[in-house]
Amino acid sequence: MAAAGSSLILGVSWSCTQDKPSNTDNQSDNFSPNAWLRLDPDGSITVIVAESEMGQGPYTLMPMMVAEELEVEWDRIKVEHASLDPVYGYQMTGGSGSIRKGWSTLREAGAVAKALLLGAGALALSVPVTECTARLGKVVHIPSGREVAYNELTDIAAKLPIPGTAQLKEPNEFTIIGQPVPRLDVPEKINGKARFGIDTKLPGMLYATITHCPVFGGKPKSIDASEAKSIKGVKDVFPIDEGVVVVASDTWTAFKAKEVLSIDWECGNKTRISSESIINQLKARPIEEAQTALEEGDVETVLSGSNAAVTAEYIQPFQAHVPLEPMNCTAHFKSDGRLEVWAPTQSPSSAYDTAKAIVQSKIERGLKKVQKKLLGIHDDSINVHTTLLGGGFGRRLKQDYVSEVVQVAQRYEQPVQLVWTREEDVQHDHYHPLTLHKMRGAIDENGMPIAWEHIIHGLKVNASGAATLLYDIPNTRVLVQDIGAIVPWGPWRSVAPHYNIFAVEHFFDELARAGNNDPLELRLKLLRDHPRLSKVLEIAADKAKWEARPNGAISYGAAVLSEWGSNVAQIVELAETDNKYFQVKKVTCVIDCGIVINPDIVKQQMEGSIIFGLSAATKSKITINNGRVDQSNYHNYPILGIHETPEIEVIIVNNEEEPGGIGEPGVPPLAPALANAVLSATGKPIRELPI
């Protein structure tokens, strides 16, 4: 803790929940605080957040937890993004982990700050602290009613010892947590003041774009840039490690010049790769090479001895992220040797590491032109400014665009902004992996599942969502066969559970039908040891009127998920249209994510997840031929339109369990729930996505 003028700054531990908020002056070598609370003289309170805001809400949810314990009004709270100071630890946003990670420590930060201010208030009022309480940003002496505002106490508070413990509120005492308080990031997004990466504008800035080899891993062999360089405003054309760069006076000129480049590519050895060849490779792999992720009972004996075995194979395609804000980044090597980077990234720390690696490689190459500048650069000379993100979905965990702009900026004294075209983004993404799922199951004479086998084949795959099979089936086995990253791979929203839950939940319905069971009733029977998941499914069935569903006109499909500390059930209502097509009429979603910080944001995340998942289930497919991606933009890689969005009903189950994630869990159940509705309507399973 330190007094800065009349401000009070409090450092809190983030990575070690057992640590107490501490005086940063007394931190030990392994103490790495990464969140800060600042009380300013004007009475405003700023929570500095190290999580990237890409629409999922950390800029609101995390300050809510601090404000709750600090006892202040919500309209006094501001938020700032953390700098890349090491005291904030490794900065990475993903895996629905922000709230789960900050639940204890951020509340404790607020509680300790309140304790300090109470002590300071008691001194200022010359009364015992036991006679004081904190209320609406003030310390109040209860017997006399005298009060003093927090912002008048910061200098006194800064001199007090840090309390060893801080009493946290009980859930029934919450006044901010659990309320639909307004999002702090929305006003500036509406009035235009919000700054995303692409909004970065600096004096004298140059603008660049890049074209990559259409075949994965290819390099430029020769470049004819004569026509491009003849365009007014074009500054330069040159190759870097990943492709050919055009630098111009503005982005549009750079884009136009890129179109007329004549490049002879050295395409390498991936020209024979196609989606079909990869699927054939997955199918041909011997089972002996697979890794066991789950094995209980004797699956092989039961399956081989059963006359009621059910088999299925499901395929999910490569998929791109296509965040609406194009891939972009800005970098500036300043005259004093510092490198400044403005990045819409999910991992500022990874962006920093990427930039640092490039700087070091340039030193090693001994480039004379930049050597003098680079020799002055050390770790503290690279600074990453994290901007708002216009969508992430896992794409911005990869830092290729950061690497490229740093390479370009090394050539100039001026700042450079790199912007990819949509075509470059679609064709050079780090893709959701193509997966093949081989399923086998068996039922007994009563139609109950007695054996389950799931073999996951794919590129950079794992068994998350499959190995924790929640259904009570006596003989189960899950195997994983990973053939590595033949094409660029990256995390995609909900990662492995997205592809695994589709196979699990759709095959479950196939088994249920084979045993003449209602799939929802069978789920409830086999989820009896998972009461939170059973409860959300029961509520969803009740809200969707599963029992009263009409015959023929509308079909229902259900699916569930229990991951990231949350439990979700979704029921899709599917209607047959006059022209023999089907339309998703409604999705009923029930989520139990423990203590709800802000119900509006939970609802927003579920609605967004359902639209995202419905796009993936019905539209999104990347195909590869001759080592290159066929799709190029939204016309042939569409996402769901507003006019296609079904009615969505979200029900939130509130309880006092630890908070679960909300960014990822709403996506995986959608595709199997839809596939199960189609199965119910047609009797035909969905073997391959998109539907």
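I count two strands as paired if DSSP finds at least two bridges between them. Strands (E, at least two residues) and helices (H or I, at least four) are DSSP runs, numbered from the N terminus.

I noted the ground rules next. The model is predicted, so local features need pLDDT of at least 70, side-chain atom pairs count only at pLDDT 80 or more, and totals for chains, interfaces and linings use all residues. Residues are numbered from 1 along each chain as its sequence is written, and side-chain values use heavy atoms, with hydrogens and water left out.

**Sheet**

I looked up strand S16 (residues 328–333) and strand S17 (residues 339–343). They run antiparallel, joined by 4 bridges. Ala331 has Val341 in S17 as its bridge partner.

I then checked what packs on the sheet. Helix H11 (residues 400–409) touches S9, S11, S12, S16, S17 and S19. Its direction makes about 35° with that of S16. Contact means heavy atoms within 4.5 Å. Axes are lines fitted to C-alpha atoms, for helices over the stretch in contact, and angles run from 0 to 180 degrees between N-to-C directions.

I traced the strand order: S11-S12-S9-S19-S16-S17-S18, an open sheet of 7 strands with mixed pairing. S11 (234–240) and S18 (382–386) each have a single partner strand, so one side of each lacks a neighbour in the sheet. The twist averages 20° from one strand to the next.

**Glu313**

I found Glu313 in strand S15 (residues 309–316). Glu313 is partly exposed, at 35% relative accessible area; buried is under 20%, exposed over 50%, partly exposed in between (1.4 Å probe, protein chains only). Not counting residues up to four places away in sequence, Glu313 touches Lys283, Leu436, His437, Lys438 and Arg687.
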